Structures are given as C-alpha cells and as structure tokens.
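Please keep the sequence and the 3D view open while reading.

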Amino acid sequence: MSNFKDIAWQGLWKNNPGLVQLLGLCPLLAVTATLTNALGLGLATVAVLIGSNVLVSLVRDFVPKEIRIPVFVMIIAALVTAVQLLINAYAYGLYLSLGIFLPLIVTNCVIIGRAEAFASRNSVPAAAFDGLMMGLGFTAVLAVLGATREILGQGTLFDGADQLLGSWAQSLKIELWQVDNSFLLAMLPPGAFIAMGLLIAAKNVIDKRLEAKKPAPEPAAAITRARITKVG
Amino acid sequence: MAFRISSSPHVRKDTATQAVMQKVILAALPGLAVQCYFFGWGSFIQVLLAIAVALGAEAAVLKLRGRTIKETLNDQSAILTALLIGVALPPLAPWYLVVIGTIFAIVIVKQLYGGLGQNLFNPAMAAYVLLLVSFPVLMTTWAAPLGLGADNAGFVDALKVIFSGVGAPAFALGIDGVSMATPLDTLKTDLSMGLTATESLQKPIFGGSSTGEGWVWVNLAYLAGGIYLLASKTIRWHISTGLLGALFVCSLVGFALSPDTHASPLFNLFSGATMLAAFFIATDPVTAATSRRGRLLFGALIGVLIYVIRTFGGYPDGVAFAVLLANLCAPLIDYYIKPRAYGHRGHS
C-alpha cells in the first residue's frame with residue numbers, strides 16, 4: 001500500500017494544495033478570519049473534493065478528451081450545489097458567514113486541478129483517497145491560518161463554533177485574552193496574505209531542516225571505463 | 001601609487017551610512033523636543049521604546065539570516081526608523097502599538113525584503129499605516145496640547161498611561177481629559193458637519209494661531225532640522241521642494257476656489273506631519289526615485305497625494321498613505337525619467 005501512503009504524503013505535506021500548489025487562494029485568504037469559518041469551508045471543500053474525484057474517476061473512460069473540462073465543472077457544480085443546500089439547511093449561521101465563498105468552491109482550483117491531474121487517470125479508490133488527503137491538507141492550512149488570525153485579531157478560539165456544530169459548541173469558545181481594541185489587520189485580507197507568506201516560509205524551513213537531517217545519499221557508483229574506443 | 005581599474009563612478013566620497021543616519025537623527029531631535037514640550041513626555045517614551053524594540057528585532061532577524069549583527073546594527077538605520085515611528089504615533093498610545101509597529105517595520109517591511117537598501121517601502125510609514133488601519137481609534141486620538149484640557153502628562157504619568165492603559169490619579173477622568181483629536185481631524189469633522197473653515201478655526205484647539213496650538217512650532221522645528229540637513233548636504237533639495245511646492249500649489253488653488261471648505265495653504269504646510277514628511281520621511285534614498293528630475297516628481301506626487309487625502313479622504317492626515325503610494329511609483333518614475341548620459345544624444 002505504499003501508493004496510498006505516497007498519496008497521503010503528497011496531499012498533506014509535500015504537494016499541499018494551500019502551501020505548495022497555492023491553489024484556492026481566494027477562499028483561503030477570504031474566509032480564514034476565524035477558526036470556525038476556516039473549518040467550515042475546509043470540510044465543505046473536502047466533501048466536494050472526494051465526491052468530484054470519485055465521480056470523475058468513474059466517468060473517466062466515457063468522457064471524450066475534448067470536452068472533459070466542461071464535464072468536470074458540471075460534476076463539481078452539482079456537488080457544490082448539494083453541499084451548499086445542506087449547509088443552508090443544517091448550519092444556517094455558517095451559511096451566512098461563509099457567504100459567496102461557499103458557491104465559489106466551484107471555481108476552487110484545487111478541485112478542478114485534482115480532477116484533471118489525478119482523478120481522470122486513476123482508479124476510484126485511489127481518486128477518493130487523493131480527494132480526502134488533498135482536502136485535509138487544504139483544511140489544515142485553512143485551520144492554522146484561521147486559528148492564527150483569530151487569536152491575533154480577537155484573542156479567542158472557536159468563536160461562533162455553535163454555527164458549525166450546534167448550540168452545545170458555544171462552550172468550546174476559548175478566550176485567550178481580553179482585547180479592548182481588536183488587531184484589525186489580522187482580520188483583514190492583508191493580514192491573511194502576510195500570515196500565509198509566513199506559513200509558507202515556515203514550511204520551507206522545516207523542509208530544509210528535514211533535508212539537512214537526512215544522511216546524504218551515497219553517491220552512485222560511477223561507471224568508470226578505462227578507455228572508450230567507440231561511441232555507441 | 002597603485003592604479004586601480006574599476007568602472008564608474010570614479011570620484012567617491014567615503015560617507016558611511018552611519019554618518020548619514022546620525023545626522024538625520026540629530027536633525028530630528030529639535031522636533032522631538034518641541035513635541036515633548038507641547039504634548040508631554042509621551043513622544044519621548046515612545047521613541048525610546050521603539051528604539052529598544054527595533055534594535056532587538058533587527059538583531060534577531062540578522063541572527064536568523066546569518067548576517068553580522070554588530071556591523072549592521074551600527075549603521076543606525078533601525079534607530080532612525082524607530083525614531084520616526086515614535087514621533088509619528090500619538091504620544092499616549094498604549095505600548096503594544098509601538099511594539100507591533102516597530103517589529104512590523106523592521107522584520108516584515110525591511111529585513112524580509114533584504115535589509116537596508118532593498119526595501120520597497122518606507123518602513124516607518126508602512127508601520128504607521130498598519131497601525132492606523134488596525135487601531136483607528138487609538139491612532140487618531142492625540143494628546144492635548146499644552147494649556148488645553150488637563151495638565152500635560154509628566155514623565156511618570158505618561159509612563160503609567162502608556163504601559164498600563166489606565167490613567168494616573170490625576171487623569172482619573174479617563175483618557176479624554178488628556179487627549180483629543182488633532183487640528184487636522186477637528187477641521188475635517190467640522191467641515192463635514194457643515195461649518196465653514198473660518199468657524200472651525202475659532203475653536204480652542206487652533207489656539208488663535210491659524211494652524212493649531214503647538215503644531216506650528218513642531219513643524220517649524222522639523223523645518224529647522226531639514227534646513228540643517230540641506231546645508232550639510234545630507235539630503236538634496238529636490239524631494240522636499242517638490243513635496244512642499246505641490247502641497248502649497250494644490251492648497252492655494254483649493255483655498256482660492258472655495259475658502260469656506262478648504263484650509264489655507266499655510267495651515268496645510270504647518271500642520272500635521274508635513275515638515276516631518278518633507279525632510280525626514282520622503283527623503284529616504286532607498287525608497288525614493290533616483291534621478292534629480294525624478295525626485296522632484298516623486299516629491300510633487302507625495303505633495304499632491306497628501307493634499308488629496310487630507311481634503312477628500314477619510315483619514316485626517318495623509319502623509320503615510322501618500323509616501324507609500326509614491327514609493328510604489330518610484331520604479332516607474334525611474335523607468336521613464338533617466339538622466340541623459342554625457343555625450344549621449346538620446347533617441348531623437
């Protein structure tokens with residue numbers, strides 16, 4: 001099962017859609033003002049991503065190459081509509097606070113990118129697993145960004161979690177410190193850009209450290225020939 | 001003697017960065033002193049705090065980047081940035097404002113772009129804008145000038161207000177006793193409420209002088225510092241002249257067309273951060289245009305923008321935004337305005 005292990009590694013870290021591919025930056029930057037919003041959008045994206053990857057993988061042999069993109073987009077749009085209606089029905093507060101970015105999942109490059117690059121070339125289980133891992137990787141970035149911005153901006157965590165999980169979740173809200181004047185920059189899009197840049201830098205630093213820790217691979221034994229008389 | 005072969009320039013002057021920075025810092029001190037006289041010890045404390053934070057932050061980043069710490073800190077550019085942040089902030093602003101602003105200026109705006117000489121934006125102004133956007137209320141409440149409101153904050157009282165956020169007993173009435181909107185802000189609010197400029201200028205904050213109590217002296221002190229910088233050839237005249245000239249012309253036109261809704265040219269020149277901007281902020285050689293004509297244009301652009309933002313914008317003073325916008329334009333100005341090389345006829 002090293003194939004699945006590789007898919008997980010690619011989605012969660014090495015080829016993380018948020019940090020490395022830099023896909024879906026628009027929702028990534030726009031809705032991560034609080035952890036709750038970030039998790040909400042992340043989970044919605046995971047659901048759509050798994051669904052679209054499975055469906056695209058199922059129909060991959062029947063779709064002519066020339067019109068594959070429109071077909072993929074229609075599949076994704078149908079799934080997004082379903083997810084949007086579900087959130088509208090069961091988490092109305094979240095629906096309101098995510099606003100336009102919920103239907104805009106259709107245009108999220110992560111989803112069309114995975115459909116095109118992975119799902120249309122692989123079997124259904126692999127595609128589903130890839131959707132899950134890419135989605136989780138994206139959600140993780142959203143969550144870290146959302147948590148950072150919420151802590152810096154409001155000094156809280158899980159503010160408004162009841163919108164996502166129901167009224168019991170109000171007790172989840174953690175107030176780290178009392179702020180009289182909230183740090184608006186962290187809540188505004190420029191703060192998201194700066195935080196995102198720092199996150200990417202942090203990932204690169206970790207990668208470098210890992211690289212340095214790894215013992216240098218033995219130089220492959222070079223083929224030495226005493227004399228070359230003829231080429232080819 | 002040894003003949004060295006090198007490309008131009010062949011005539012060099014060994015002016016170290018440190019010497020330039022020291023002169024600019026020195027020239028800013030009278031302005032700081034006048035500010036302290038009129039608005040209490042707050043500005044002085046802010047400057048000290050900013051310098052401490054700036055040096056710490058710069059040393060930390062330099063260590064992370066693997067650069068020499070001592071030599072780079074010695075160029076004193078961080079101290080100048082900190083000084084500008086310190087005098088630009090409201091004197092009684094809480095301590096975390098100056099800490100956040102200075103760290104942002106040094107770490108993000110300066111060092112992440114590659115350190116001194118590489119930054120796209122003026123670090124002090126970027127920090128000011130960050131704080132203005134993040135904490136609009138705190139950033140637009142300035143200490144009351146001498147003779148207005150409660151007594152001026154003494155050194156210890158100012159320390160207490162800045163670090164604990166709670167007024168010392170003398171200021172138990174709350175922060176409003178010692179702080180108020182700046183003259184620029186007052187004028188803007190009054191104009192939007194339908195008062196004429198002349199009516200607004202009758203208010204006590206303008207103190208009979210036409211530019212606002214204290215502010216004219218602060219600006220004069222910075223002007224004196226600027227003249228010293230010009231005389232010692234630390235800065236060239238182009239940017240400052242462009243800035244003040246454009247601001248003067250714009251406000252003259254506005255004042256001539258509609259004196260009831262526009263402040264006079266003198267008011268514009270001697271209030272807010274005009275002189276500080278003209279001689280200390282806009283003249284930063286790193287973020288300005290490089291040719292002489294380019295610098296004239298660069299300064300004029302800032303002057304026009306200051307006027308436009310002050311008159312039509314939402315914020316009371318537009319210096320920081322104007323400088324940042326002009327910083328963005330500097331590469332474009334340099335692209336189109338190139339000094340003619342000697343012996344080169346150009347494209348015609």
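**Overall make-up**

The model is predicted, and local features are described where pLDDT is at least 70. Chain A contains ten helices and two strands. Read from the N terminus, its elements follow the order α-α-α-α-α-α-α-β-α-β-α-α. Chain B contains 16 helices and two strands.

Of the 232 residues in chain A, 38% are buried. In chain B, 49% of the 348 residues count as buried. The accessible surface of chain A is about 12,900 Å², with 67% of it belonging to carbon and sulfur atoms. Chain B exposes about 16,900 Å², and carbon and sulfur atoms supply 67% of that area.

Contacts can also be sorted by separation in sequence. In chain A, 77% of the contacts with a separation of 6 or more are between residues 24 or more positions apart. For chain B, 76% of the contacts between residues at least 6 apart join residues at least 24 apart.

**Helices of chain B**

The unreviewed UniProt entry lists residues 38-61, 73-89, 125-144, 214-231, 238-257, 263-282, 294-313 and 319-337 of chain B under "transmembrane region". In the model, residues 214-231 of chain B are 94% helix and 0% strand, with end C-alpha atoms 26 Å apart. Residues 294-313 of chain B are 95% helix and 0% strand, and the end C-alpha atoms of this span also lie 26 Å apart.

Helix α11 of chain B covers residues 215-231. Its buried residues include Trp215(B), Asn219(B), Tyr222(B), Gly225(B), Gly226(B) and Leu229(B). After α11(B) comes Lys233(B), which has a positive phi near 60 degrees.

Helix α12 of chain B covers residues 237-257.

**A helix of chain A**

Helix α4 of chain A spans residues 68-90. Its buried residues are Phe72(A), Ile75(A), Ile76(A), Val80(A), Val83(A), Gln84(A) and Ile87(A). Among the elements covering them are α3 (35-58), α5 (92-98) and α6 of chain A.

| Helix | Number of residues | First to last C-alpha | Expected span |
|---|---|---|---|
| α4(A) | 23 residues | 33 Å | 33 Å |
| α11(B) | 17 residues | 24 Å | 24 Å |

**A nonpolar patch on chain B**

Trp41(B), Trp95(B), Phe155(B), Val156(B), Leu159(B) and Phe163(B) form a nonpolar patch on the surface. Together they have about 550 Å² of accessible area. Which helix gives the most to this patch? Helix α8 of chain B, residues 155-164, does, with four residues. Val156(B) is found in this helix.

**Salt bridges**

Side chains of opposite charge can pair when their charged atoms come close. The whole structure has four salt bridges over all chains; three of them are described here.

Arg68(A) forms a salt bridge with Glu116(A), with the closest N and O atoms 2.8 Å apart. This pair links distant parts of the chain, as Arg68(A) is in α4(A) and Glu116(A) is in α6(A), 48 residues apart. Arg68(A) has a relative accessible area of 23%, so it is partly exposed. Glu116(A), at 19%, counts as buried because the cut-off is under 20%.

Asp207(A) forms a salt bridge with Lys203(A), and their closest N and O atoms are 2.7 Å apart. Both residues lie in helix α10 (residues 189-213) of chain A, four residues apart, about one turn of the helix. Asp207(A) is partly exposed at 26% relative accessibility, whereas Lys203(A) is buried at 5%.

In chain B, the side chains of Glu58(B) and Lys110(B) meet in a salt bridge at 3.1 Å, N to O. Glu58(B) lies in helix α2 (residues 42-65) and Lys110(B) in helix α5 (residues 95-110), so the pair ties together parts of chain B that are 52 residues apart in sequence. Are these two residues buried or exposed? Both Glu58(B) and Lys110(B) are buried.

Terms used
Residues are numbered from 1 along each chain as its sequence is written. Chains are lettered from A and ligands numbered from 1 in the order in which they are written. This is a predicted model: local features need pLDDT of at least 70, side-chain atom pairs count only at pLDDT 80 or more; totals for chains, interfaces and linings use all residues. Side-chain values use heavy atoms; hydrogens and water are left out. The expected span of a helix is 1.5 Å times one less than its number of residues. UniProt positions are given in the numbering used here, feature names are shortened, and annotations may be inferred rather than shown by experiment. Buried means under 20% relative accessible area, exposed over 50%, partly exposed in between (1.4 Å probe, protein chains only). Contact means heavy atoms within 4.5 Å. Accessible areas come from the Shrake-Rupley method with a 1.4 Å probe; for residues, only the protein chains shown count as cover. Patches are made of residues with over 30% relative accessible area and no salt bridge: like charges are joined within 9 Å, nonpolar side chains (Val, Leu, Ile, Met, Phe, Trp, Tyr) within 5 Å.
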